[in-house]
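Please keep the model in view while reading.

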Amino acid sequence: MSSSTPQGLTRFNTADAGEAQAALHEVCASRAWGSRILARRPYATADALFAASDAAMAELTADDLAEAMAGHPPIGRPKPGDATSHREQSGMAGASDELRTELLELNLSYQEKFGHVFLICASGRTGEQMRDAIRNRIDNTPEQEREIVRVELGKINRIRLNRIAEGDPV
């Protein structure tokens, strides 16, 4: 590895398998995804890590995607004490009670239809944008939604992997 490899990526590349697996689980709850990323270490660049993530995401089965989604809290209700979900859902910080209630109802309708939480890369989105996205996606077929979720998970994973590469906590 060259000296231009980000310090966090070097740390990830040289971590023991258990420590690296734990870091990857914080990125994505899919064991299959994490195993694929772990098996391809070391990574010379963050871009190589992102490409491996994209390839692993493309290979996930419906069950693997369900496992990955289970690691995400509903929009508008980040996990208590989870800095990552709070940071990623910061667009909800100033949301009105009305918007929060509407999102809760939409989340419940979505979950009833699809059997899993509504998943979106929330980073940089306002509460209204997330509400509009769930409204637009609730009429999708399960197959359409599964592929949208795959793309959204890929975006989330890249953001989180970038934090690892830069040496920040996920």
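**Largest pocket**

- By class, seven nonpolar, three polar and four charged residues line the largest pocket. Here Ala, Val, Leu, Ile, Met, Phe, Trp, Tyr, Cys and Pro count as nonpolar, Asp, Glu, Lys and Arg as charged, and the others, Gly among them, as polar.
- This is a predicted model: local features need pLDDT of at least 70, side-chain atom pairs count only at pLDDT 80 or more, and totals for chains, interfaces and linings use all residues. Residues are numbered from 1 along each chain as its sequence is written, and side-chain values use heavy atoms, with hydrogens and water left out.
- The largest pocket holds about 240 Å³ of space. A pocket is an open set of points on a 1 Å grid over the protein atoms alone, with protein on both sides within 12 Å along at least five of seven lines; lining residues have an atom within 4 Å of a point. Grid points are joined across faces, edges and corners, and a volume is the space filled by probe spheres set on the points.
- Of its 14 lining residues, R11, E19, A23, I164 and D168 lie nearest the centre.
- α1 and α2 (17-27) each supply at least two lining residues. Helices are DSSP runs (H or I, at least four residues), numbered from the N terminus.
- α2 gives the largest share of this lining, four residues.

**Cavities**

- The count is two cavities of 30 Å³ or more. A cavity is a set of grid points where a 1.4 Å probe fits but cannot get out.
- About 120 Å³ of space lies in the largest cavity. It is lined by 14 residues, and H72, E88, Q89, I120 and I156 are the closest to its centre.
- α6 (83-88) and α9 (142-166) are the elements that give two or more residues to this lining.
- The lining of the largest cavity has eight nonpolar, four polar and two charged residues.

**Aromatic contacts**

- The whole structure has three aromatic pairs. Rings of Phe, Tyr and Trp (its six-membered ring) pair if their centres lie within 6.5 Å; planes under 30 degrees apart are stacked, over 60 edge-to-face and the rest tilted.
- F12 and Y43 are stacked, 6.5 Å centre to centre with 25° between the planes. F12 sits in α1 (residues 7-14) and Y43 in the loop between α3 (31-39) and α4 (46-59), 31 residues apart.
- Both F12 and Y43 are buried (under 20% relative accessible area, 1.4 Å probe, protein chains only; exposed is over 50%, partly exposed in between).
- R41 lies over the face of F12, at 5.6 Å from the ring centre (cut-offs: NZ of Lys or CZ of Arg within 6 Å of the centre and within 35 degrees of the ring normal).
- Y110, F114 and F118 form one aromatic cluster.
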